[in-house]
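Colleague: I would like to learn how to read a model like this one. Please take me through it feature by feature, with the general idea and then the case at hand.

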Amino acid sequence: MSWSVVNDGDGLPRIILTEPAGSSAVIHLYGGQVLSWKNEKREELLFVSTKASTKSPKPIRGGIPICFPQFDNLGYPERHGFARNRLWELDTCPSPLPRSNNHSSVDLILKSTDEDLKTWPHSFELRLRVILHPSKLTLIPRVRNTGSKDFSFTFAIQNYLSMSDVSEIRVEGLETLDYFDNIENGERFTEQGDALTFDGEVDRVYLRTPAKIAIIDHEKKRTLVLRKECLPDAGVWNPWNKKAKALPDFGDEDYKAMLCIDSAVAETTVVLKPLEEWRGCQELSVVSSSYCSGQLDPRIVLHG
């Protein structure tokens with residue numbers, strides 16, 4: 001159970017977490033972003049675009065970006081905020097969280113800078129703990145108001161998940177829920193299907209979602225389970241073929257092998273008074289089966 005710091009080809013620091021059973025994770029300090037998560041079988045569970053860049057000021061397309069102080073286009077001038085294209089630091093004093101003595105973990109921190117204060121005039125500390133378990137990855141974000149005035153924000157943990165074929169993916173847990181559809185100018189709709197499947201571009205924010213969402217990959221016969229706390233909403237995104245070709249940091253065929261599922265605070269902002277702190281939690285885990293294998297009922301994943 002260990003971690004180490006290395007520099008990538010661009011000279012930017014990365015943290016490598018390892019776990020005795022064989023799981024691993026790679027976290028880039030640029031963006032405070034998990035870029036790789038492999039289970040004990042050394043299978044990559046996250047997607048990173050073939051055209052992704054780690055050069056400032058652009059965010060890295062893939063992995064698990066952190067969206068702060070806004071998710072989507074909800075007030076701040078920069079879509080999804082600035083946290084995903086800033087250089088984070090190792091957090092040597094992650095109090096009040098207890099140490100993860102039995103697991104490989106690392107704590108990161110991002111503090112407001114004079115440049116950030118020009119566009120978002122609020123002092124803050126954004127902390128992130130990444131914990132690696134066998135077949136499980138946990139992220140615990142915390143936002144603290146270090147200024148003298150109240151501020152509000154929206155937030156998201158974006159999960160670019162590696163899929164065998166997105167047209168064969170089934171998402172359980174979003175049935176009957178309302179969502180904002182960004183393809184339809186943010187209009188509000190209600191999900192009518194018994195599960196979410198994909199045959200074209202999707203860009204939605206589902207509201208008041210359950211604590212567990214199951215992403216079922218039929219071909220790989222595995223299910224990714226997303227559990228979350230204090231992150232009530234969920235974004236779902238796949239650009240499909242036409243939009244993929246229009247994105248400069250996205251490969252033309254990349255859309256087939258990915259699905260982005262976000263744990264988010266979108267509909268209702270978080271308001272923090274001076275010295276107050278907000279805390280969320282997200283857990284991604286892997287079940288080595290799928291609904292089509294006949295071995296796993298998704299209701300067990302969602303409610304068991």
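Modeller: Gladly, and let us start with a sheet. Seven strands form an open sheet in the order β5-β10-β18-β17-β14-β12-β13, with antiparallel pairing. Strands (E, at least two residues) and helices (H or I, at least four) are DSSP runs numbered from the N terminus, and two strands pair if DSSP finds at least two bridges between them. Before we go on: this is a predicted model, in which local features need pLDDT of at least 70 and side-chain atom pairs count only at pLDDT 80 or more, while totals for chains, interfaces and linings use all residues. Residues are numbered from 1 along each chain as its sequence is written, and side-chain values use heavy atoms, with hydrogens and water left out.

Colleague: Which are the edge strands of that sheet?

Modeller: An edge strand pairs on one side only, and here that applies to β5 (66-67) and β13 (187-190). Further in, β17 (residues 233-238) runs antiparallel to β18 and is joined to it by five bridges. You can find Val236 opposite Ile261 of β18.

Colleague: Which residues are buried in strand β3, and which way do they point?

Modeller: Burial is read from relative accessible area: under 20% is buried, over 50% is exposed, and partly exposed lies in between (1.4 Å probe, protein chains only). In β3, Ser24, Val26 and His28 point one way, Ala25 and Ile27 point the other way, and all are buried. Strand β3 (residues 24-28) is largely enclosed by the rest of the structure, because five of its five residues are buried.

Colleague: And what joins β3 to strand β2?

Modeller: Five bridges link β2 (residues 13-18) to β3, and the two run antiparallel. Thr18 has Ser24 of β3 as its bridge partner. The two strands form a hairpin with five residues between them, where Gly22 in the turn has a positive phi of about 120 degrees. On to β4 (residues 33-38): β3 is joined to it by five bridges, again antiparallel, with His28 opposite Gln33. That hairpin has four residues between the strands, and Gly31 takes a positive phi near 90 degrees.

Colleague: Which residues touch the most other members of the largest nonpolar core?

Modeller: A nonpolar core is a set of buried Ala, Val, Leu, Ile, Met, Phe, Trp, Tyr and Cys residues joined through side-chain atoms within 4.5 Å. The largest one here has 68 residues, and Leu126, Phe153, Phe155, Val171, Phe198, Ile215 and Leu259 touch the most other members. Strand β18 (residues 258-272) gives the most to this core, seven residues. A separate second core, of seven residues, includes Cys67, Phe71, Val205 and Ala266.

Colleague: What is Val171 in contact with?

Modeller: Contact means heavy atoms within 4.5 Å. Setting aside neighbours within four places in sequence, the partners of Val171 include Ala195, Leu196, Phe198 and Ile213, along with Leu259 and Ile261. Over the chain, residues 24 or more positions apart account for 65% of the contacts with a separation of 6 or more.

Colleague: How many salt bridges does a search of the whole structure find?

Modeller: The count is 18, taking a salt bridge as a side-chain nitrogen of Lys or Arg within 4 Å of a carboxyl oxygen of Asp or Glu. In one of them, Arg61 meets Asp249 at 3.3 Å, N to O. This pair links distant parts of the chain, 188 residues apart: Arg61 in the loop between β4 and β5, Asp249 in the loop between α2 and β18. Arg61 counts as buried at 18% relative accessibility, and Asp249 is also buried at 18%.

Colleague: Where do Lys136 and Glu283 lie?

Modeller: Their closest N and O atoms are 3.6 Å apart, in a salt bridge. Lys136 is in strand β9 (residues 136-145) and Glu283 in strand β20 (residues 281-287), so the pair ties together parts that are 147 residues apart in sequence. Lys136 is partly exposed at 25%, whereas Glu283 is buried at 18%.

Colleague: Is Pro248 buried or exposed?

Modeller: Exposed, because its relative accessibility is 73%. Pro248 sits in the loop between α2 (240-246) and β18. Its C-alpha atom is 7.5 Å from that of Lys51, 197 residues away along the chain.
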